[in-house]
Structures are given as C-alpha cells and as structure tokens.
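Here are some notes for your first look at this model. Keep the structure open while you read, and find each residue as it comes up.

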Amino acid sequence: MPYDAPNDNDMTMPAAADLSSSQYRIMAIDANGRATVAIDPQAVSIIGILQNKPDAADAAARIRTSGISKLQFGAAANEGAYVTTNPQGFGTATTTANDQVIGRVLHAPGGSADIQDVLVQYGRY
C-alpha cells in the first residue's frame, strides 16, 4: 500500500503486524518501511502516534505526525514534560539525554494505561 497524507497532521502506511491493540501508542518504521510499535527511545525511528486499529499486516496504519493527539501512557507524567516511548510503545516522561521525543504532555496522565493529550513535536531531549 502506498504512503498517504489524508490531512496535514496524519499519514498512512502499511502496518508491520496486527496493531489493533496499539491505538494511541508510539510508532516507528521497521526495516521494511512498515509501522511498528516503537520500543527503544534511542534505537528506533519514532514517526508518530497510531490513531486507528489496523488488524493485520499491510492494513493501513493512520499515524499522527504533528498537532495534538491522544497518547496511552505507561506511568504518570507532569504537564509540559517531554515524552518518549517505553518498551511497549506507551508514552513516558524523559529527561535522558539523546532520547527521541514524540512531544510534550498537555494533560497530565494519572498513571499506567491512562490516555491523555500530547502536542506532537519531534526532537531529542
């Protein structure tokens, strides 16, 4: 399936596997150019946050690459904190030098599995 950008904030690309349980998690590009869960903030290429629930390899994964998105967190975080990924693709606050960040916390998550808004802004801490 070709890449597509249905609006200025999202893009679509093929999923690497069934990502139906990964909605609002942080995504990376795998070696085959497909969307996969980002598992390491320093070793993967973070590309955005999954917006839908693709249920098979090669299904369309819609990924938020800028703007505001919901994100599933792995732990509590403060508003304004820089956010990176944990090994399950959940958002987690970071102050570690050279971590890739997906953005900044807009509404503080209360704990694990909480879904809150983030401002998607790429960079490194």
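1. Start with the largest nonpolar core, which has 14 residues. This is a predicted model. Leu 71, Phe 73, Val 83, Ile 102 and Val 118 have the most contacts inside that core. At least two core residues come from each of strand 2 (26-29), strand 4 (46-50), strand 9 and strand 10 (115-124). Nonpolar side chains tend to be buried together in soluble globular proteins.

2. Now look at Phe 73. What does Phe 73 touch, not counting residues up to four places away in sequence? Val 83, Phe 90 and Val 118 are among its contacts.

3. Next comes Val 101, in strand 9 (residues 100-105). Is Val 101 buried or exposed? Its relative accessibility is 4%, and buried means under 20%, so Val 101 counts as buried. Leaving aside neighbours within four places in sequence, Val 101 is in contact with Tyr 82, Val 83, Thr 94, Gln 121, Tyr 122, Gly 123, Arg 124 and Tyr 125. Ala 59 is 42 residues from Val 101 along the chain, and their C-alpha atoms are separated by 26 Å.

4. Finish with strand 1 (residues 10-14). Four of its five residues are buried, so the strand is mostly covered. Strand 1 pairs with strand 5 (residues 60-64) in the antiparallel sense, over five bridges. In that pairing, Asp 10 has Arg 64 of strand 5 as its bridge partner.

Technical notes. Residues are numbered from 1 along each chain as its sequence is written. This is a predicted model: local features need pLDDT of at least 70, side-chain atom pairs count only at pLDDT 80 or more; totals for chains, interfaces and linings use all residues. Side-chain values use heavy atoms; hydrogens and water are left out. Buried means under 20% relative accessible area, exposed over 50%, partly exposed in between (1.4 Å probe, protein chains only). Contact means heavy atoms within 4.5 Å. Two strands pair if DSSP finds at least two bridges between them. A nonpolar core is a set of buried Ala, Val, Leu, Ile, Met, Phe, Trp, Tyr and Cys residues joined through side-chain atoms within 4.5 Å.
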